[in-house]
Amino acid sequence: MEAADGLLEGDWVQVTYRGAISGTDTTGVHVDRVVDMAEHTPDIEMTDVDETVYTTGPAGLFAENSTSAEKLADLAKGTPLHRTGKGPHGWSRVEFNGVTGYAASQYLTNVRPGLGATEEQETNETVTTTANLRLHETTDVASPVVAVVPAGTALHRVAYTADGWSIVLYNGETVYCATEYVTQ
């Protein structure tokens with residue numbers, strides 16, 4: 001049985017949505033995007049990046065950006081990879097042991113394994129926001145918002161934590177933002 005937009009029942013998909021799901025109640029949920037994770041999408045351009053990432057659990061390295069492509073390697077949790085591209089379709093282009101392949105971005109993180117949740121890993125790098133981003137006073141989403149910066153803003157990152165926060169400098173102040181919305 002075929003579903004909307006060529007998806008088949010049982011296909012793995014990535015859903016981007018706004019709102020909260022409570023049990024089976026999806027009232028107030030707005031779906032922004034559905035991506036077929038099994039579909040190879042060579043026509044989608046990757047944004048070039050140059051960063052070290054780590055697998056968050058067991059992950060596959062594939063010859064193309066598709067789970068139905070040839071599997072080049074099984075990657076253990078904490079495997080360091082050199083990410084050279086990041087696509088809007090949920091895949092990253094990475095290098096592992098001299099081989100270029102693709103891994104699902106949801107299984108990758110910039111946080112070095114073994115880092116405690118709130119322990120800071122120092123760094124000294126420029127990152128760019130990938131969306132309009134709130135800068136907070138602390139590592140608490142309920143903390144006061146110092147500013148909201150637009151997508152494409154360059155920030156100086158001085159540290160990050162395993163629980164998803166980047167510590168950045170903004171107008172001479174140390175502020176905090178969600179790591180998932182910045183890239184090197």
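Student: Hi! Which strand does Trp 165 lie in?

Tutor: Hello! Trp 165 belongs to strand β14, which covers residues 165–170. Keep in mind that we are looking at a predicted model.

Student: Got it. Is Trp 165 buried or exposed?

Tutor: Trp 165 has a relative accessible area of 10%. Buried means under 20%, so that residue counts as buried.

Student: And what is Trp 165 in contact with, if we skip its neighbours within four places in sequence?

Tutor: Quite a list! Among them are His 136, Thr 138, Asp 140 and Val 141. Tyr 160, Tyr 176 and Cys 177 are also included.

Student: Which backbone oxygen does the Trp 165 side chain reach?

Tutor: That would be the backbone oxygen of Thr 139, at 3.5 Å.

Student: How far is Trp 165 from Glu 180 in space?

Tutor: Going from C-alpha to C-alpha, they are 8.2 Å apart. Along the sequence, 15 residues separate Trp 165 and Glu 180.

Student: Let's zoom out. How many helices and strands are in the protein?

Tutor: The protein has zero helices and 16 strands.

Student: Okay, strands then! How do β3 and β6 pair?

Tutor: Strand β3 (residues 47–55) and strand β6 (residues 80–86) are antiparallel, with six bridges between them. In one of these, Glu 51 has Arg 83 of β6 as its bridge partner.

Student: What about β3 and β9?

Tutor: Those two run antiparallel as well, joined by two bridges. Strand β9 is made of residues 108–109, and Leu 108 in β9 stands opposite Thr 55.

Student: New topic: how many aromatic pairs are there?

Tutor: The count is one aromatic pair. Phe 62 and Trp 91 form it, in an edge-to-face arrangement. Their ring centres are 6.0 Å apart, and the planes make an angle of 85°.

Student: Why does that pair tie together parts that are apart in sequence?

Tutor: Phe 62 sits in strand β4 (residues 59–62) while Trp 91 sits in strand β7 (residues 91–96), so the pair links parts 29 residues apart in sequence.

Student: Are Phe 62 and Trp 91 buried or exposed?

Tutor: Phe 62 and Trp 91 are both buried.

Student: And what share of the protein's residues is buried?

Tutor: Of the 184 residues, 37% are buried.

Student: Last one! What's the accessible surface of the protein?

Tutor: It comes to about 10700 Å², and carbon and sulfur atoms account for 49% of that.

Notes. Residues numbered from 1 in each chain as written. Predicted model: local features only at pLDDT ≥ 70, side-chain atom pairs only at ≥ 80, totals over all residues. Heavy atoms only, no water. Helix = DSSP H or I, 4+ residues; strand = E, 2+ residues; numbered from the N terminus. Buried < 20%, exposed > 50% of the residue type's maximum accessible area, 1.4 Å probe, protein only. Areas by Shrake-Rupley, 256 points an atom, 1.4 Å probe, with all protein chains shown as cover. Phe/Tyr/Trp six-rings, centres within 6.5 Å; stacked < 30°, edge-to-face > 60°. Contact = heavy atoms within 4.5 Å. Polar contact = N/O pair within 3.5 Å; in protein donor to acceptor, adjacent residues only side chain to side chain. Pairing = 2+ DSSP bridges.
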